[in-house]
Amino acid sequence: MRKDVRILLVGEPKVGKTSLIMSLVSEEFPNVVPYRAEEITIPADVTPERVPTHIVDYSEAEQTDEQLFQEISKANVICIVYSVNNKRSIEKVTSHWIPLITENTDKDSRVPLILVGNKSDLVEHSSMETILPIMNEYSEIETCVECSAKNLKNISELFYYAQKAVLHPTGPLYCPEKKDMKSLCIKALTRIFKVSDLDNDGILNDNELNFFQRTCFNSPLEPQALEDVKSVVKKNLSDGVCDNGLTLKGFLFLHTLFIQRGRHETTWTVLRRFGYDDDLELNQDYLFPPLKIPSDCTTELNHNAYLFLQSVFDKHDKDRDCALSPEEVKDLFDVFPYMPWGPDVNNTVCTNDQGWITYQGYLSQWTLTTYLDVQRCLEYLGYLGYSIIAEQESQASGITVTRDKKIDLQKKQTQRSVFRCNVFGDISSGKSGFLQAFLGRNLMAQKMIREEHRSYYSISTTYVYGQEKYLLLHEVFPDFDYLSDADLACDIVCLVYDVSNPYSFEYCAKVFKQYFMDSKIPCMMIAAKSDLPEIKQMYGCTPLEFCRRHKMPPPQSFTCNTAGAPSRDIYTKLTTMAMHPHVSQADLKSSTFWLRASVGATVFAVLGFAMYRVLLKPR
């Protein structure tokens, strides 16, 4: 909402503009009225909307046209004052004042107008018959109020309406000609309905309505009030209530009714609570709350965010198969202005036999987004209504910023859950196969992936000492001369060469010597395509000798040309090395170290899935 409101009073001389301001301030009619009142500021604590309000007077006798134009351009709302007993001042509203204001305001940001009929104490009749056709002709006119500066009639109401016209404008919400809400308002309220429909059954039941009411207005509805709301909707709309809950049509009808009855502040309260600005766009402050990330720190989702994302998954996994079909994914992202996940996501995370993203794959993709682009993650959580549904201050409360990596090295332990492994290798060395094998896809399955849907990332969980961790693999483009800082920043490096290509190892040796020989990042050599006959590498020494010389573990044989899912042992080793970059080379060669690290991995993987099944049952 706006931080302050600026009200400008204009009109013909002697219609009582200055008297209205002075009567408001002193609560009595002034004996002596100057040409023009000084600008006054009403403090926030004495206004109904708790917003400071500046009231500005205009005098033709004291101000130039240029000064008037400047004031019009600065005003948030303009009151055109006429005298109810002066026909000429009423005519001037349309012949002079409205065209003048239109010429001096930005066409895209329409300034609301209030028509003010002063001196109602001097006549017995109302001017409304003359004014109503004007109101119908000009959509920028919010309302008309008749008042009297002399006997203080409707003075506070006049300034309240002016304030309300700025803070709760009708213009963005409603089209008087069509007698219906505008499309942007319908779109915003539809998103709000879908976010509030916690079980995704297309209706807001009593619990959901109460949660919505408490979220927006800080108090639940009494049972009788709930029934009254539903009966009003039911009376006017046959499909507005279903199974004793409010449908989307009923929800939209209710807000149309609020606006038509002049209670558009109710609709604005809801819109603003769900992050919308005056133009019915989601506020940048709402989508991108401040989050400080020092260098050498990473971003992860915390427990609250994972619980929220799990509830979103449950809400949309209608057939309870622990995977999201394309229709379910589309439904999930229906509250977004665009589809955030492309076909490449299905090749970045685990999917089921039908190629649908599994529960684990879904959480993995969120973890990846948080790690690589936390601002995008904040935006996505904003669309899903995280701060509202999880009852948190903002999406930033769902993010953990990890401590500096240098501290992890000093303390010889880490609190992080996500580890990045950059995968280097020459063209056709087997990098892509290595990434896809992590997701359980053998060579046969990989051949089904279309080139345009290929992903340079893969992410899934591994288990180290019984703890679930995420390993993020990133395939680095093999252009040796153009390696960026992002290509080199990681927790562990994978150097992949093809055992059947005599020139494949040279690239790995070159990358290691150029970029990683003197760094503290652990490196692992992968002898890919180990199902093929091994050919002597055309390099000064064998890969095994190279690894010994540079104190790396020996090359790890790997193939994805298997009948079932490829072995995951190598990924557990990589995660373990990433978690313990301080561990000496002697320890890395010890079989007991690897045994301790990988023990229970399979058990925990199975247990994790079983736990999810158990969690689903009561829901």
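Me: How many salt bridges does a search of the whole structure find?

Reply: The search finds 22 salt bridges, a salt bridge being a side-chain nitrogen of Lys or Arg within 4 Å of a carboxyl oxygen of Asp or Glu. This is a predicted model, in which local features need pLDDT of at least 70 and side-chain atom pairs count only at pLDDT 80 or more, while totals for chains, interfaces and linings use all residues. Residues are numbered from 1 along each chain as its sequence is written, and side-chain values use heavy atoms, with hydrogens and water left out.

Me: How do you know that Lys 74 forms a salt bridge with Glu 71?

Reply: The closest N and O atoms of Lys 74 and Glu 71 are 4.0 Å apart, so the pair meets the definition of a salt bridge. Both residues belong to helix H2 (residues 65-74) and are 3 residues apart, which means that about one helical turn separates them.

Me: Why is Glu 71 called buried, and why is Lys 74 called partly exposed?

Reply: Buried means under 20% relative accessible area, exposed over 50%, and partly exposed in between (1.4 Å probe, protein chains only). Glu 71 has 13% relative accessibility and therefore counts as buried. Lys 74, at 46%, therefore counts as partly exposed.

Me: What makes the pair of Asp 491 and Lys 405 a link between distant parts of the chain?

Reply: Their side chains meet in a salt bridge at 3.3 Å, N to O. Asp 491 lies in the loop between helix H20 (485-488) and strand E19 (492-498), whereas Lys 405 lies in helix H17 (residues 405-411), 86 residues apart. Helices (H or I, at least four residues) and strands (E, at least two) are DSSP runs, numbered from the N terminus. Asp 491 is buried because its relative accessibility is 4%, and Lys 405 is partly exposed at 24%.

Me: Why is Glu 452 called exposed?

Reply: Its relative accessible area is 54%, so Glu 452 passes the cut-off for that class. Its side chain meets that of Arg 450 in a salt bridge (2.8 Å, N to O).

Me: What makes strand E5 mostly covered?

Reply: In E5 (residues 113-118), 6 of its 6 residues are buried. Leu 113, Leu 115 and Gly 117 point one way, and Ile 114, Val 116 and Asn 118 point the other way.
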